[in-house]
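Here's a quick tour of the model on your screen. Have the viewer open and follow along, topic by topic.

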Amino acid sequence: MNLSVKILLLTGLAMLAFAANSLLNRVALSDTAIDPASFTLIRLLAGALLLWLIHAYSHSGKKHKASVGGNWLSALALFVYAAGFSFAYLSLTAATGALLLFAAVQITMMAVALSRGERLTSLQMLGFTLALAGLVVLLLPGVSAPSWQGAVLMLMAGVAWGAYTLRGKGATDPLQTTAGNFLRAVPFGLACWIIWGKTELDALGVWYAVLSGGLASGVGYAIWYMVLPSLSAMIAATVQLSVPVLAAVGGVLMLAEPVTLRLLVASMAILGGIAMVIVTRKVERQNPDAQSTKAD
């Protein structure tokens with residue numbers, strides 16, 4: 001198989017895995033008796049186990065044995081993301097949840113870049129404003145507005161994932177770091193389950209949680225880390241715009257979820273605005289003299 005075709009297929013598979021997290025969470029919490037706290041704990045356990053097995057296998061036969069990576073602060077951010085994600089899907093559709101999550105992640109990372117002194121061009125500022133406007137449109141009161149409790153929880157999950165992503169930048173072994181963070185997040189998940197979880201678990205719901213943690217998260221992250229070195233920064237950033245779209249399509253086809261005009265308009269504004277910021281930023285980094293030439 002041609003290398004470029006293989007990278008394309010693996011990248012698509014990773015995006016499908018990320019979108020599957022939304023679908024699995026949604027169907028488990030709407031169609032089975034499992035509760036969000038139990039789902040979160042099982043997802044973290046399954047993710048930690050599979051990621052650690054993959055990491056250990058990749059280090060088999062090497063002099064240095066696999067060790068626990070990550071840190072407790074990143075693990076807390078990972079838990080907040082996973083818990084907020086699951087509790088939010090009690091009241092959100094797969095499409096709305098994925099869109100809110102993605103928007104919060106990207107806007108968080110953009111806001112941090114701005115706070116660190118990074119400048120935005122007029123086009124980037126327009127894109128940033130457009131993304132925020134789309135988020136406002138989605139959350140405005142109305143018949144088709146999402147539950148405000150679910151929206152707040154998903155936005156919180158997105159901010160936590162954005163913070164987790166920023167903290168993980170520069171990790172020498174991303175797979176080891178992620179496996180360690182999943183493992184460290186399990187005690188937080190256990191505490192959440194003790195407070196809000198149920199002792200009687202739904203078998204099908206447990207299976208969905210295992211798939212979400214082991215397959216959609218564990219395998220999805222492993223594939224993503226495998227293809228990242230072969231992708232440019234711009235492609236890696238923009239390809240993730242497909243995740244909310246895939247989640248929306250999956251929600252319509254598999255869960256019979258409605259697609260409202262509000263969701264369509266908000267999606268175009270949020271995804272389009274974020275794309276404007278990402279693409280412009282990458283183009284400028286590839287042409288660092290462009291800004292100074294304009295100034296002259």
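**An exposed alanine to start**

Alanine 256 counts as exposed, at 65% relative accessibility; for these labels, buried is under 20% relative accessible area, exposed is over 50% and partly exposed sits in between, using a 1.4 Å probe and protein chains only. Keep in mind that this is a predicted model, where local features need pLDDT of at least 70, side-chain atom pairs count only at pLDDT 80 or more, and totals for chains, interfaces and linings use all residues. Residues are numbered from 1 along each chain as its sequence is written, and side-chain values use heavy atoms, with hydrogens and water left out.

**More on alanine 256**

- Alanine 256 is in the loop between helix 10 (242–255) and helix 11 (261–286); helices here are DSSP runs (H or I, at least four residues) and strands are E runs of at least two, numbered from the N terminus.
- Its phi is near 55°, a positive value in a residue other than glycine.
- Most residues other than glycine have a negative phi.

**The whole chain**

- The protein chain comes to twelve helices and zero strands.
- Buried residues make up 47% of the 296 residues in the protein chain.
- Among contacts in the chain with a separation of 6 or more, 88% are between residues 24 or more positions apart; contact means heavy atoms within 4.5 Å.

**Helix 4 against helix 5**

- How do helix 4 (residues 94–115) and helix 5 (residues 122–139) cross, and at roughly what angle? Their axes come within 11 Å and cross at roughly 145°, where axes are lines fitted to C-alpha atoms, for helices over the stretch in contact, and angles run from 0 to 180 degrees between N-to-C directions.
- The crossing of helix 4 and helix 5 is left-handed, a label given if the near helix is turned anticlockwise from the far one by less than a right angle, with clockwise being right-handed.
- On the helix 4 side you'll find Thr96, Leu99, Leu100, Ala103, Ile107, Met110 and Leu114, and these meet Phe128, Leu132, Leu135, Leu138 and Leu139 in helix 5.
- The residues of this contact divide into eleven nonpolar, one polar and no charged; Ala, Val, Leu, Ile, Met, Phe, Trp, Tyr, Cys and Pro count as nonpolar, Asp, Glu, Lys and Arg as charged, and the others, Gly among them, as polar.

**Leucine 138, buried in helix 5**

- Leucine 138 lies in helix 5 and is buried, with a relative accessible area of 2%.
- Not counting residues up to four places away in sequence, leucine 138 touches Thr96, Leu99, Leu100, Ala145, Pro146, Arg262, Leu263 and Ala266.
- Leucine 138 and valine 265 are 127 residues apart in sequence, and their C-alpha atoms are 8.3 Å apart in space.

**The second largest pocket**

- This pocket has a volume of about 220 Å³, meaning the space filled by probe spheres set on grid points that are joined across faces, edges and corners.
- A pocket is an open set of points on a 1 Å grid over the protein atoms alone, where a 1.4 Å probe fits, with protein on both sides within 12 Å along at least five of seven lines; lining residues have an atom within 4 Å of a point.
- Of the 13 residues that line the second largest pocket, Leu13, Leu16, Ala17, Ala20 and Leu215 are the closest to its centre.
- Helix 1 (3–31) and helix 8 (203–227) each supply at least two lining residues, and helix 1 gives the most, with seven.
- The lining divides into twelve nonpolar, one polar and no charged.

**Serine 217, in helix 8**

- Serine 217 lies in helix 8 and is buried, with a relative accessible area of 0%.
- Leaving out residues up to four places away in sequence, serine 217 touches Asn21, Arg43, Phe182 and Ser212.
- Serine 217 and asparagine 21 are 196 residues apart in sequence but 7.2 Å apart in space, C-alpha to C-alpha.

**Two partly exposed residues**

- Tryptophan 72 lies in helix 3 (residues 72–88) and is partly exposed, with a relative accessible area of 46%.
- Beyond its neighbours within four places in sequence, tryptophan 72 is in contact with Arg184, Pro187 and Phe188.
- Leucine 190, in helix 7 (residues 174–196), is partly exposed with a relative accessible area of 40%.
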